[in-house]
Amino acid sequence: MHTADISSRALRFFENRGHTVVPSAPLIAEDPTLLLINAGMAPFKPYFLGDVPPPYARATSLQKCVRTVDIEEVGKTSRHGSFFQMFGNFSFGDYFKEKAIPFAWEFMTTSAADGGLGLPDDKLWVTVYLDDDEAEHIWRNEIGVPADRIQRLGMSENYWSMGVPGPCGPCSEICFDRGPAFGRDGGPVANDERYLEIWNLVFMQNIRGEGPSKEGYPILGDLPSKNIDTGFGLERMAALLQDVPTIFDIDTTRQILDLAAALSGSEYGASVKNDVSLRVVADHILTSVMLIGDGVTPSNDGRGYVLRRILRRAVRMMRLLGSADPVVDELVAKAIQVMGPTYPELIGEHERIDRIAVAEEAAFVQTLKAGTTIFDLAASEVRNSDRLVLPGDKAFQLHDTYGFPIDITMEMAAEAGLSVDETGFRKLMEEQRARAKADAVRRKTGGQGDSGVYRDLLALGSTEFTGYTELESEAVVRGLVRDGERIPAATEGEIVEIVLDRSPLYAESGGQDSDAGLIVADGTDLEVLDVQKVARKLWVHQVRVRSGAVTEGQNVLAKVDPEWRIGARQAHSGTHIVHAALRQVLGPTALQSGSYNKPGYLRLDFSWTGALSQETRSEIEEVSNLAVRRDLPVAVEYMPLPKAREMGALALLGEAYDEAVRVVEIGGQWSRELCGGTHVTHSSQVGPLTLISESSVGSGLRRIEAHVGIDALQFLSAERALAVSVSDLLHVPTTEIADRVSTLLNQLRDAEKEIERFRAFHRRQQAMQYANDSETIGGVSVVTEDLPDPANGEDLRSLALEIRDHMEGRPAAVILTALANGRPIVVAAVSEQGRQRGLKAGDLVRTAVKIMKGGGGGKPDIAQGGGTDPLATASALQEVRRFIGQILTP
């Protein structure tokens, strides 16, 4: 039974039993406690917690999931994969154990001809939680499972949670007995390789707190209702039904694995080590395709780092397998081919996915060359010092400077017989994150404070957003929050969060910044600093009390700053216009992957490799302004999500949408996007639009920035003033500035070449003089000079080699020092005859830098170092002469 057939059977079975089929959510999680979706129930978490009323009582889905906790185990076991698909059926307070258990049993044991999986019931074993008598009763008395095939297990095995605070509850697992060939008998409690867990029924009724992921965490209380989360891992079920030994041998993944074997010249099954590598490649390429398909792009942080880590790991594995050529293009195509029947959107995104993955491969190949050299040097230093641990700062350098994921550094270290100071590396990573973030996200309400506070407020009802039709709304203060705690009132000077029953103020989302404005009442004046959404339903306003006091239950008037809103509407509509222009000029694969806009300014990130030429940028700007001039109508319509997709409305990659969506059209089909932002009513109201920059923000990701409206005019005015100023300086009309600057640059380059010729002549004369003035120590001509003028390492190195060349044919050593930016540097060069006498340039440099309080080294013929004491150069050269004398003294 093919994998796609298994999933379609499951969805159809539960749809026929009153479940709403819900499409897979993007892998990018909305939940602030999750980096990526890692469980089938994750998209439904707000319904389980009671934060948001569920739109259906029963649901079923096939959910894409990614877990990287056990990434080192991928390929080593039969069951560990970083990407997997979870089939599930869910009940939100509708049914519980009494129906969940029979549903699962019926689907698994019903014959394939009748729409089930056709598993023999005498091969199925059941586990229940230690004290779950109710579940055991249903299994034994209603389903008919013999008592000797029902086993009770403890919290670590049969009490489920997502590993983070949130929903949890006891569970019951169904296991399949694969027979004596897979191990000893005794049921799941004795051997989980033979008795393979294939279905997990979670009776979700509790909320867990912080603590270990498996057991020992506190149970904080009960969920608002008893819920059901049951299902199975599609890959594991496919392996069982297809009678193959691992999840890498099923009909989908095996095709990628076989291609990886062919491209690398490997044979699957011939070597345990190579088999593991091939499984890693198949798994990681598949995971990368699914992540890129959902809008993740490679970066050094967050989800982007997960993608970069696994994609680069796959590339390195292919190189270890013997493939020296680029391979990602073909592997990506195969992954899209095998997953396309289940996720047809991948086929339409093939070009974009391929472009991002291939660009990352190319970047990593260069990184691998440079980083491997750095790693080899660091590993040699560790071994030379009789140590076996690579310092954390070296691992951090490889990550931060060369883009080496830490697991690749650890793998290379293990291959070299070393380990890595992972604790030191993690500490440096945390320090870097702390510096970079600097509490910037602390003000964002969605992931802060006690979620119970907002849950209580949401229970009073969602905030009604009135800002599409009015800029002022009467409202009631539902609640005040400070530091995660409800407070009854706030007075002048305080900064607090305020929740209203109605609000015209736009809450930051969809790339649009929140509105500026006021909340006022008799004697009360609150300045709105920020507006954020909680659970997409609750508007939380951060305010400063400028005068008076505000209390819970108070009647107020919420007001949007009208000038701010005008600019915000111009910028957001301008973002849509630029996006449409991009796709018109570059093609449909130039798809937006993120944006930000505020009054007068917009930026838009899009999938593309390579910088845009000035001609292309000008064309995008022209297409955008033509759309403004055409005064295109801007229309808004609400419709079901499937209808919007059928109409070709563009959705932001990775964004989650409700079943009913808001479609914003500019000029009808010219621009049609799902969007909740505020917009102008005609494109001409955007005003002039000017691009101000285009740059790279990651592998396969570009960013365009622009001004609109009055800000665009001010920018162009400043540009014109600058052009006039340069025109006056150059004494040419503004139209001739470019030609005049080009002429000056050519003259400057010619002057620099002439200066370099003079410098080279002077260096030759200087080198000849130093060579003629050399002293003889033990039969070796030695030059030790502290140059009076500042120099850089490259100049010093060139001069040392030039002096050595003038002493060709005799034993010679040259040691030069100078100051570079106030710090001493030293270079040593030794002729072949000098090396035969026992002199090594690296030893001479190390002797000097000890006096200069620094470090350095190099090869026997040429070496370089630096120090910290600018007054030590003379004494360093004296010590070098003494050292040479010791070496050459018989």
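Tutor: Contact, as used here, means heavy atoms within 4.5 Å. The model is predicted, so local features need pLDDT of at least 70 and side-chain atom pairs count only at pLDDT 80 or more, while totals for chains, interfaces and linings use all residues. Residues are numbered from 1 along each chain as its sequence is written, and side-chain values use heavy atoms, with hydrogens and water left out.

Student: What covers the buried residues of α20?

Tutor: The cover includes α17, β28 (689–698), β29 (701–708) and α21 (737–772).

Student: Why are Gly-709, Ala-712, Ser-727 and Leu-730 called buried?

Tutor: Buried means under 20% relative accessible area, exposed over 50%, and partly exposed in between, with a 1.4 Å probe and protein chains only; these four residues of α20 belong to the buried class. Seen down the axis of α20, the buried residues fall within an arc of 70°, taken from the directions from the helix axis to the C-beta atoms, so they line one face of the helix. On the other side of α20, Ile-710, Gln-714, Leu-722, Asp-728 and Leu-729 are exposed.

Student: What makes β30 and β34 edge strands?

Tutor: Two strands pair if DSSP finds at least two bridges between them, and the open, mixed sheet runs in the order β30-β31-β32-β33-β35-β34. β30 (775–777) and β34 (855–858) each have a single partner strand, so one side of each is left without a neighbour in the sheet.

Key
Helix = DSSP H or I, 4+ residues; strand = E, 2+ residues; numbered from the N terminus.
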